Amino acid sequence: VNPDGLDEATLSGLLLKLAYTVARFTTESAARDLHLSQALMNKLLEKLCFEGMIEQLWQTSQASSHYKITDNGREHAARLLEICGYIGPAPVRQEAYAAMLRWQFTNTPPVQEAQVKAALAGLVLAPRAAQLAGLAVSSGRSLFVYGPSGNGKSSLGRAIHAALPGDYWIPYSISVGDTIVRLFDEQCHHRVDLSNERPGTIDQRWIRVRRPLVIVGGELTIDLLDLIYIPSQRYYEAPPHLKANGGVFLIDDFGRERISPEQLLNRLITPMEHQFDYFTLRTGQKIQLPLRHVLIIATNLSPDDVTDPAFLRRMGYRVYLGAPTPTEYARIFQQYAQRKGLSVTTEMLSGLLERYRAEKRDLRACEPRDLIERAADICRFQGHPLELSPEVLDLAWVGYFGTDWAAGKAPAAPKS
């Protein structure tokens with residue numbers, strides 16, 4: 001009855017802490033809150049009643065009763081909460097989680113070229129860039145994307161995620177001895193509907209999720225790449241790259257984090273090369289877990305400033321995303337306009353591109369979207385249907401770039 005050999009004391013302690021937080025509870029509510037079978041829950045309740053930790057109030061059916069915690073149980077639960085404050089779905093042992101990961105890594109369907117093309121269809125990319133990005137995701141190797149800001153590096157990382165087929169099983173939490181590590185995160189993991197599955201056929205401590213996309217940027221520190229201890233709750237939160245297992249881990253704006261690029265690169269070398277990582281508990285104990293995801297590093301800084309040749313050799317593929325050509329810019333503008341239900345004339349695009357040339361402004365792939373969104377702001381503000389008239393586009397340009405359409409230069413600042 002005991003799932004994957006999980007220590008019965010761990011389950012009993014978890015149930016007692018749950019009982020501590022409520023006035024009374026039922027067999028069904030406890031089984032639901034801890035994601036355990038009713039058969040196992042009855043066994044745990046019987047044990048805690050025998051030990052005088054809880055008492056049975058009344059029986060509603062042969063398999064269900066109402067309970068409440070005793071004074072003795074309350075004292076014991078308070079001591080348990082001082083050690084670990086986790087109350088939630090019962091954990092899965094570290095070894096069981098590692099075994100399930102390895103099995104899923106082995107049995108995950110490979111990424112096909114058609115899936116990559118479909119995922120990248122919404123982006124306007126040079127054929128070579130699209131091909132290299134596809135090779136990275138299909139091989140599971142890492143990808144280093146660099147180039148001027150605003151040309152689709154982050155968008156490429158997000159699009160690559162859409163090419164990953166299949167789903168993954170992950171536990172809500174992991175146990176390492178008496179320690180709990182919470183893994184499931186609503187912000188990173190999106191549930192798969194399993195309403196058609198027969199009740200009782202699935203271990204409810206596991207949840208099926210879409211393959212995750214986890215994005216970190218300037219907030220990243222070296223401490224966030226290890227188990228994150230929460231003092232107020234007295235348990236651990238999984239680091240972002242562990243939450244990304246089986247999916248995509250995107251490090252955006254590389255080189256602008258609160259740690260040096262050298263520290264970050266050195267921290268990532270072991271997971272990249274060996275597909276596992278070491279994590280450290282507060283006690284100093286280290287645990288090893290499988291780690292396999294598509295690592296994408298995106299930067300608008302020069303690779304010479306944030307990397308060294310040894311690290312670049314370890315990256316699977318490298319893609320440079322430079323400024324779009326006028327033809328690519330026009331395609332991006334037309335695509336985004338079509339999504340908004342707008343038509344774009346050749347004269348409009350020619351005038352827009354001429355404005356770029358007149359102001360000696362580099363083209364950027366993000367700017368068609370940004371200009372059209374500001375046009376939408378203007379039309380909404382004025383109470384008009386969305387349109388790209390010369391007047392609306394002029395105001396959108398001035399609001400975005402800060403330059404006057406007629407003068408072709410920034411307005412003079414008022415004198416003090």
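**Close-up views of a predicted model**

Ring pairs link Tyr329, Phe333, Tyr356, Trp397, Tyr400 and Phe401 into a cluster. The model is predicted, so local features need pLDDT of at least 70 and side-chain atom pairs count only at pLDDT 80 or more, while totals for chains, interfaces and linings use all residues. Residues are numbered from 1 along each chain as its sequence is written, and side-chain values use heavy atoms, with hydrogens and water left out.

**View 1. Aromatic pairs in the cluster of Tyr329, Phe333, Tyr356, Trp397, Tyr400 and Phe401.** Rings of Phe, Tyr and Trp (its six-membered ring) pair if their centres lie within 6.5 Å; planes under 30 degrees apart count as stacked, over 60 as edge-to-face and the rest as tilted. The count by this rule is 14 aromatic pairs. Tyr329 and Tyr356 form an edge-to-face pair, 5.2 Å from centre to centre with 70° between the planes. Tyr329 belongs to helix H13 (residues 326-339) and Tyr356 to helix H14 (residues 346-358), so the pair ties together parts 27 residues apart in sequence. Helices (H or I, at least four residues) and strands (E, at least two) are DSSP runs, numbered from the N terminus. Tyr329 is buried at a relative accessible area of 0%, and Tyr356 is buried at 2%. Here buried means under 20% relative accessible area, exposed over 50%, and partly exposed in between (1.4 Å probe, protein chains only). The rings of Tyr400 and Phe401 have centres 4.7 Å apart and planes at 75°, so this pair is edge-to-face. Tyr400 is partly exposed at 25% relative accessibility, whereas Phe401 is buried at 16%.

**View 2. Strand S7 between strands S4 and S8.** Two strands pair if DSSP finds at least two bridges between them. Strand S4 (residues 92-93) pairs with S7 in the parallel sense over two bridges, and Val92 stands opposite Ile174 in S7. S7 also pairs with strand S8 (residues 179-182), in the antiparallel sense and over four bridges; Ser175 has Ile180 of S8 as its bridge partner. The hairpin of S7 and S8 has two residues between the strands, and Gly177 takes a positive phi near 65° there. In a regular strand the side chains alternate between the two faces of the sheet. S7 (residues 173-176) is covered on both faces, with Ser173 and Ser175 buried on one side and Ile174 and Val176 buried on the other.

**View 3. Salt bridges of Glu95, Lys243 and Asp277.** A salt bridge is a side-chain nitrogen of Lys or Arg within 4 Å of a carboxyl oxygen of Asp or Glu. This rule gives a count of 19 salt bridges. Glu95 and Arg93 are joined by a salt bridge of 3.3 Å, N to O. Glu95 is partly exposed at 44% relative accessibility, and Arg93 is partly exposed at 27%. In the salt bridge of Lys243 with Glu237, the closest N and O atoms are 2.9 Å apart; both residues are buried. Asp277 and Arg267 meet at 3.0 Å, N to O. This pair links distant parts of the chain, with Asp277 in strand S14 (residues 276-280) and Arg267 in helix H10 (residues 261-274), 10 residues apart. Asp277 is buried with a relative accessible area of 3%, and Arg267 is buried with 17%. Salt bridges with shared partners join Arg182, Asp185, Glu237 and Lys243 into one network.

**View 4. The open sheet of S1, S3 and S2 with helices H3 and H1.** The three strands of this sheet follow the order S1-S3-S2 and pair in the antiparallel sense. Strand S1 (25-26) and strand S2 (54-61) are at the edges with a single partner strand each, so one side of each has no neighbour in the sheet. S1 is joined to strand S3 (residues 64-69) by two bridges, and Phe25 stands opposite Tyr67 in S3. Helix H3 (residues 38-50) lies across S1, S2 and S3 and runs at about 140° to S2. Axes are lines fitted to C-alpha atoms, for helices over the stretch in contact, and angles run from 0 to 180 degrees between N-to-C directions; contact means heavy atoms within 4.5 Å. In helix H1, 10 of the 13 residues are buried, so the helix is largely enclosed by the rest of the structure. The cover over the buried residues of H1 includes S1, helix H2 (27-34), H3, S2, S3 and helix H4 (71-83).
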